[in-house]
Amino acid sequence: SPSDKPLVVIGSGLAGYTFIREFRKLDADRKILLLTADDGHSYSKPLLSTGFAKGKNAEHLSMADAGKMASQLDIDIRTHTRVTAIDPEARRLDAGFEGSSSSAGETIEFTELVLALGAEVVRPPLSGSAADEVLSVNSLMDYRRFRERLVTVAQQRCAEGAVDRPIRIVIMGSGLIGCEFANDLLASVDTKFTVDVISPDSRPLQRALPEQVSLALGQGLEEAGARFHWQSTVGSVDHVSEASAGGGSAYLVSVDGGELRTLQADVVLSATGLRPHSALAAAAGLEVSRGIVVDRQLRTSKADIFALGDCAEVDGHLLLYVQPLMQCARLLAANLAGGHNADLSYQAMPVIVKTPACPLVLAPPPEGLAGEWTVAEADRLDVRALFHDTEGSLRGFALSGRHVIEKQTLLRDLPPLLA
Ligand code: FAD
């Protein structure tokens, strides 16, 4: 009978787990199978870019492992299992164990399928013998790898008798994640870092922020110790010979454009962007645009297949943040558990940028909306910028420094993103 087949969820990030938790509040019995390519630990991804200031390693940030989550939520979880193909008409999918060389996967049938696949890291092409050792942090597993690399560097420093020498980090990219990591590393409680940020842009969060707020953020980060190299990109990353690295292994980073030619680094972090995971859905014939296209009930173009979180483009909105995915998880759970067809609505959702060197909150105007930013007040790190549409209505804001406390008041004047 169809009730023997599970509701299948792919992805154990905040979207997958929040959806299941909300669903379980409404339906304790339904058989649920969660498939995930990673180790299935439950964690809050935003905490990955505050871990050094708070002295938290990957173990501290894990709230529960897959076994604990399976028993807490009363579901089956297959970890390290990647879904490789979906057949929407037959309602089945192919999954294989990560790292297994045998092509023999298994076929799993579903009644409904929820895609919570997240976004993948976009890596610019790099040459050099150490190009593969450039790290990105987009999951708890990545964070663990990053921390492990730092332990190795610290051990080298010890062996060299140079424990006080800071660990040199080069960050590629000056977007939200690059800036947050720069600030977090400089605020580290237990290790001393130097941070060089290499960016093709001219200022931090250039595409998201009006100029004066962006400049305030850059100033705050520079005062905290960050060194920005603008209009530059990393061309190659090579291993430095042991002798010139002073005994340990390090990297030589070549920089194109700008004044700097090369830099030595102990770790290179790439933070140059994220792209919704949509290839699996596209290959299955689901409609895909910038993300997996879903309507206001989170339905993809195929029956009984839904998507939410970073992989989903919801009624034209691509919002790679926690608050929207929480709203989607609640709505989808209520619809699927209760047999409802309710539509999603989105309030305006400001994003707090976690850069304590220059506190910042941004309520981005809807994409493509005509209008302009005006800076109402600016004094060093304290800037208030408002975005008005062509009719003069407030549609977005960016607040830095002491102005961040005005968030709640301004929020009242912002219309909902999806009414
Ligand atoms: P993910 O957490 O990426 O989960 C995707 C899951 O899908 C993973 O389990 C993966 O293994 C699995 N998967 C993918 N493909 C397959 C496959 N084929 N088969 C099986 N499994 C698969 N947002 C905020 O609102 N505030 C913040 O302060 C903030 N800070 C952030 C800081 C950092 C460093 C980062 C990287 C992001 C931050 N974000 C923040 C964004 C926010 O964390 C994300 O929007 C959110 O975590 C996305 O969750 P998700 O479940 O959609 O995706």
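1. The domain bounds used in this note come from an automatic or database domain assignment, and the structure they are applied to is a predicted model. On that basis the chain is divided into domain 1 (2-47 + 61-120 + 274-338), domain 2 (131-270) and domain 3 (359-411), and the C-alpha centres of domain 1 and domain 2 lie 33 Å apart.

2. The contact between these two domains can be described by residues and by area. On the domain 1 side 11 residues take part, and they are in contact with eight residues of domain 2. The size of an interface is often given as the accessible area lost when the parts come together. Here domain 1 and domain 2 bury about 760 Å² between them, and 66% of that area is on carbon and sulfur atoms.

3. The space within the second largest cavity comes to about 30 Å³, and the count of cavities of 30 Å³ or more is two.

4. The largest cavity has a volume of about 60 Å³, and its lining is made up of G309, A312, V314, H317, L319, Y321, P324, L325, C328 and Y346. The elements that give two or more residues to this lining are strand β19 (312-314) and helix α8 (322-338), with the largest share, three residues, coming from α8.

5. Helix α5 (residues 176-186) deserves a separate remark, for it is mostly covered, with eight of its 11 residues buried. The buried residues of α5 are G178, C179, E180, F181, A182, N183, D184 and L185. An α-helix has 3.6 residues a turn, so residues three or four places apart point the same way. The buried positions in α5 follow one another from G178 to L185, and the elements that cover them include the helices α4 (140-160) and α6 (211-223) as well as the strands β9 (167-172), β10 (193-198), β15 (267-270) and β20 (351-353).

Notes. Residues are numbered from 1 along each chain as its sequence is written. This is a predicted model: local features need pLDDT of at least 70, side-chain atom pairs count only at pLDDT 80 or more; totals for chains, interfaces and linings use all residues. Side-chain values use heavy atoms; hydrogens and water are left out. Buried means under 20% relative accessible area, exposed over 50%, partly exposed in between (1.4 Å probe, protein chains only). Helices (H or I, at least four residues) and strands (E, at least two) are DSSP runs, numbered from the N terminus. Contact means heavy atoms within 4.5 Å. On a 1 Å grid over the protein atoms alone, a cavity is a set of points where a 1.4 Å probe fits but cannot get out, and a pocket is an open set with protein on both sides within 12 Å along at least five of seven lines; lining residues have an atom within 4 Å of a point. Grid points are joined across faces, edges and corners, and a volume is the space filled by probe spheres set on the points. Buried area is the accessible area (1.4 Å probe) that two parts lose on being put together, summed over both.
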